[in-house]
Amino acid sequence: MKTYEILFDILSRESDYISGEKLAQELGISRTSIWKAIQHLEKESIHIESIKNKGYKLLSGDLLIAKKIEETAPIQVSFNPNCKSTQLDAKAGIEAGNPANTLYLASSQTAGRGRFGRSYFAPVQGGIYMSLHLKPNLPFQQIPAYTILTAGAIYKAIKDLTLMEMDIKWVNDICYKGKKIAGILTEAITSVETGLVTDVIIGVGINFAISDFPKELKNRAASLFHEKQPITRNELIAEIWKDFYECDPDELIYLYKQHSLVLGRTVTFCQNDKDYKGVAKEISDTGQLLIQLDTGQEMWLNSGEVSLTSW
């Protein structure tokens, strides 16, 4: 780990002040290097109090540390401190020949996007933005329901770490008390020669501890935590991907269905420029949503062809 990451790790374990001299001795570096590391952490929105003759004390904030995540989850982590979009980072990684099972991670994005090319709010602090690269090399019909599996893993990780109950809005949103706290964007790359899906990128954005939202989002978006966070972003990220890889897919699909916001409710949607209304009856294991229309007719909806407008 880098000096500032090791320093943060030490401060996060201490409940009291720790002197610069003690820190320098523990890390085997100069007091000047300690001061520079403190300055770096403050630029990362980590609040550290410094008192003469007492030392340093961590007040708030957490730091994304790739090594911490890799200790728990079976992935490699590539962190970009100046990220436009983790989806773009993943695509660049694929072109560069980086191995699969690499997580492209950032604490903020300047050009993030959601489904249908919508812009994605990603402030400088308090968020988690990540994209996992997989290489399934399978026909499209055999591709696992990655969006559903990821949503199930996010639900399970939050529940296991915090006991907080989340809801899942079909097909790719995680909600808390009726407001969105996370979204998933899954993209695939297909080989023209073989017809196989060679690469999949699963993008995830989580409002971990965001204090303020734009006016247009305040009624629809929320943050998982506010002033006090009982867990770190590193812990949540590691737990999500550990569950994604190690849990039985049937368990994650079950959790997805069990905590659906839409099942049994009236929904409206638009398809081919025509408005429809009906009751959400079932979610298939592949992620399709069965709607019973007001006319009695039943329709299966695919995630890529509609956007739910109300529920």
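A: Start with one word: a residue is buried when its relative accessible area is under 20%. And keep in mind that this model is predicted.

Q: Okay, which residues of helix α1 are buried?

A: In α1, residues 3–13, they are Y4, E5, L7, F8, D9, I10 and L11. The elements covering them include the helices α2 (20–27), α3 (31–43) and α4 (66–70), along with the strands β1 (47–51) and β2 (55–60).

Q: Now helix α5. Which of its residues are buried, and where do they fall seen down the axis?

A: Helix α5 spans residues 86–95, and T86, Q87, D89, A90 and G93 are its buried ones. Looking down the axis of α5, you'd find these buried residues within an arc of 160°, so they line one face of the helix. They pack against β4 (102–106), β5 (127–134), β9 (179–190) and β10 (196–207).

Q: What about two helices together: at what angle do α6 and α7 pack?

A: Angles over 145 degrees would count as roughly antiparallel, and 65 to 115 as roughly perpendicular; the rest, once roughly parallel is set aside too, are oblique. Here α6 (residues 146–162) and α7 (residues 233–246) pack at about 130°, their axes 8 Å apart. That makes α6 oblique to α7. Their crossing is right-handed.

Q: Which residues meet there?

A: From α6 you have Y146, L149, T150, A153, I154, K156, A157, I158, D160 and L161; from α7 come E235, L236, E239, I240, W241, D243 and F244. Sorted by type, the residues of this contact are eleven nonpolar, one polar and five charged.

Conventions: Residues are numbered from 1 along each chain as its sequence is written. This is a predicted model: local features need pLDDT of at least 70, side-chain atom pairs count only at pLDDT 80 or more; totals for chains, interfaces and linings use all residues. Side-chain values use heavy atoms; hydrogens and water are left out. Axes are lines fitted to C-alpha atoms, for helices over the stretch in contact, and angles run from 0 to 180 degrees between N-to-C directions. Helices (H or I, at least four residues) and strands (E, at least two) are DSSP runs, numbered from the N terminus. Angles under 35 degrees count as roughly parallel, over 145 as roughly antiparallel, 65 to 115 as roughly perpendicular and the rest as oblique. A crossing is left-handed if the near helix is turned anticlockwise from the far one by less than a right angle, and right-handed if clockwise. Contact means heavy atoms within 4.5 Å. Ala, Val, Leu, Ile, Met, Phe, Trp, Tyr, Cys and Pro count as nonpolar, Asp, Glu, Lys and Arg as charged, and the others, Gly among them, as polar. Buried means under 20% relative accessible area, exposed over 50%, partly exposed in between (1.4 Å probe, protein chains only). The arc is that of the directions from the helix axis to the C-beta atoms.
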